[in-house]
Amino acid sequence: TQSIDEALAALGDVMDALGSKKSDVPYRNSKLTHVLQNALGVGSKVVMIVTVAPTVECAQETLCSLHFAQRVGQIHLGAAT
């Protein structure tokens, strides 16, 4: 799960950079963001779906997923075209 957490953190960083209109977007910080680079560019439509589990054993993963969703949910990339 550590590599998943790192990839999601990198995706969050990319979304932050895109939302802030930064000139340097860190696509190469993970394989996931590098592969998604064209899909996350200007004019793209992005939908985030977060799945959570209702069990105690998955509580930590659920919290991490919800924190990620909250983080990227506050980012506005602009109007969909």
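The model is predicted, so local features need pLDDT of at least 70 and side-chain atom pairs count only at pLDDT 80 or more, while totals for chains, interfaces and linings use all residues. Residues are numbered from 1 along each chain as its sequence is written, and side-chain values use heavy atoms, with hydrogens and water left out.

I start with α1. Helices here are DSSP runs of H or I, at least four residues, numbered from the N terminus. With 18 residues at 1.5 Å a residue, α1 should span 26 Å, and its end C-alpha atoms are 25 Å apart, which agrees. That expected span is 1.5 Å times one less than the number of residues. After α1 comes Lys-21, with a positive phi near 60 degrees.

Which residues of α1 are buried? They are Ala-7, Ala-10, Leu-11, Gly-12, Val-14, Met-15, Ala-17 and Leu-18. Buried means under 20% relative accessible area, with a 1.4 Å probe and protein chains only. These residues pack against α2 (31-35) and α3.

Next, the largest nonpolar core. It has 11 residues, including Tyr-27, Leu-40 and Phe-68. Such a core is a set of buried Ala, Val, Leu, Ile, Met, Phe, Trp, Tyr and Cys residues joined through side-chain atoms within 4.5 Å. Its largest share, 5 residues, comes from α1.

Leaving aside neighbours within four places in sequence, Met-15 is in contact (heavy atoms within 4.5 Å) with Leu-40, Val-46, Met-48, Val-72, Ile-75 and Leu-77.

Last, Thr-62 in α3. Thr-62 is buried, at 14% relative accessible area. Not counting residues up to four places away in sequence, Thr-62 touches Val-52 and Ala-53.

Methods:
Buried means under 20% relative accessible area, exposed over 50%, partly exposed in between (1.4 Å probe, protein chains only). Helices (H or I, at least four residues) and strands (E, at least two) are DSSP runs, numbered from the N terminus.
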